[in-house]
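Hi,

Here's the structure I promised to pass on. Have a look at it first, and then read my notes below.

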Amino acid sequence: MTRQAFCLLLVALVGCVSVDEDACAAREAVRAGAPAQAVAWAETVAAESVYSKSLGTVEAGRLALLAGDSAKAERWFRAAVDSAVDRKESSPDIKLGDVGNTVLAATVTDDRTRTYYLAPYEINLALGYGILAELMNGKREDALVDARLAVYIQDSLAKTYGADLQKAAASSDAQATSAGARVCADQSAALREMMAATRNSWENPVLWWLTGALFEADGETEMAGQSYRKAAACRPDNPVFAKAAARADANVRTPARGCAKLLVLYEEGLVPQREALKIPVPIYTAMSIDIPTYGDKTAYRPNAVAISGVTNLVAAAPALDVRALAARDLDERLPGVVVRNITRAAVQAGAQAAVNANGNGYAQLAVFAANALVSAMRRADTRSWVTLPDGQQVWSEDAMPPGAYKLGVAVNGRTISVPVTLAAGDVKLVWIADCGARAQTAVVSLHP
């Protein structure tokens, strides 16, 4: 009987994958061009969830933005940033939870009962969307305040988060078994293509570029130059970032005299959704570990996007690979996830061994059945911001003559039209979220 149960357990464990059905429904609403249908889901998570409140706030903000409710989006992103950053006057404190996700949790439950802290890439995207929402609502001064906060946050993550991750990795290495190390290595290899476009999980060149454009429009040329250079350093293959950094080095201001400046931020698709995967660990009597993974592990492949400005169509430039950031974040979390799961399996195996030692067959079967039930019910922590785009592209024109334009954005044979009116000295940003059946667009002013 025990042997039969053992075989059934193995069959149940191998390759078992689960997804968050509510998150799937929200993504389908976005794809169908009806993001407002998913707002209630996100707001319920933000208001009522014990462990995922901060994640609900960013989902609610993003869905409100996609639904065209910029006032609500601003409030949610303000709450999201406040949940992730303690705005001290001297030096804001970033709340990242246990860096590297290595602290051990309870052994009976699973990682879903751990409080969710926004990942670095999610904090940076929340800052960028919050700035965008503030600009939509005409709150340019608030947007400038948050742009300065974004500079501090990105600099702080670059200086401290990487070092903390290295310490966490060393700690995980000391605790992990050979089986755990093998699981980490296998999963990292599986994510290699997906995360190849980024060096870490926190660099956001689009946020640097956006803050640079805001600072330049405000006349803060030194701050603008620093942001543009960092955008170009993060993404040296992007001609828009390279051109802005070169202008900053040459101390050339834009827009050109008597002209206007137009920027375009184009977003496409949806970032992949994490799934829960069960992996048997033979060293612990067929106990399993539960890890988050991606069903689609391919690299982000940008659409061919071209935009008509003063001249004919000019190609937009891929700027941010959100898929790569999400995969890199998962890879950075894996050592802690595996260590915790190996520890849970060890506790279960220890309970089985203790009962086996006294020779009571009924007790042995009972503990084995209990362990099997716990293993079958346990799921990996698949929480992440699922309504984000797969990637972002940028475009700019520094010397557009004043006038009324019907901006044409060509995407794989179809065209998205956006009306834009420009006066001399204007600096405007066109935001296009092309995530499914209907593209959401907005035009905001960066100039005083």
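Let's start with helices H10 and H12, whose crossing is left-handed (the near helix is turned anticlockwise from the far one by less than a right angle; clockwise would be right-handed). The contact (heavy atoms within 4.5 Å) involves Pro-205, Val-206, Trp-209 and Glu-216 on H10, and Val-240, Phe-241 and Arg-247 on H12. Sorted by type, the residues of this contact are 5 nonpolar, no polar and 2 charged.

Before going on: this is a predicted model, where local features need pLDDT of at least 70 and side-chain atom pairs need 80 or more, while totals for chains, interfaces and linings use all residues. Residues are numbered from 1 along each chain as its sequence is written, and side-chain values use heavy atoms, leaving out hydrogens and water.

**A buried arginine**

Now find Arg-62, which sits in helix H4 (residues 53-66). Is Arg-62 buried or exposed? It's buried, at 0% relative accessible area (buried is under 20%, exposed over 50%, partly exposed in between, with a 1.4 Å probe and protein chains only). Leaving aside residues up to four places away in sequence, Arg-62 touches several others, including Phe-77, Tyr-129, Glu-267, Trp-385 and Cys-435.

**Cysteines**

Cys-435 is itself buried, at 8% relative accessibility, whereas Cys-24 is partly exposed at 22%. How many disulfides does a search of the whole structure find? The search finds 0, a disulfide being a pair of cysteine sulfur atoms within 2.5 Å.

Cheers

Terms used. Helix = DSSP H or I, 4+ residues; strand = E, 2+ residues; numbered from the N terminus. Nonpolar A, V, L, I, M, F, W, Y, C, P; charged D, E, K, R; others polar.
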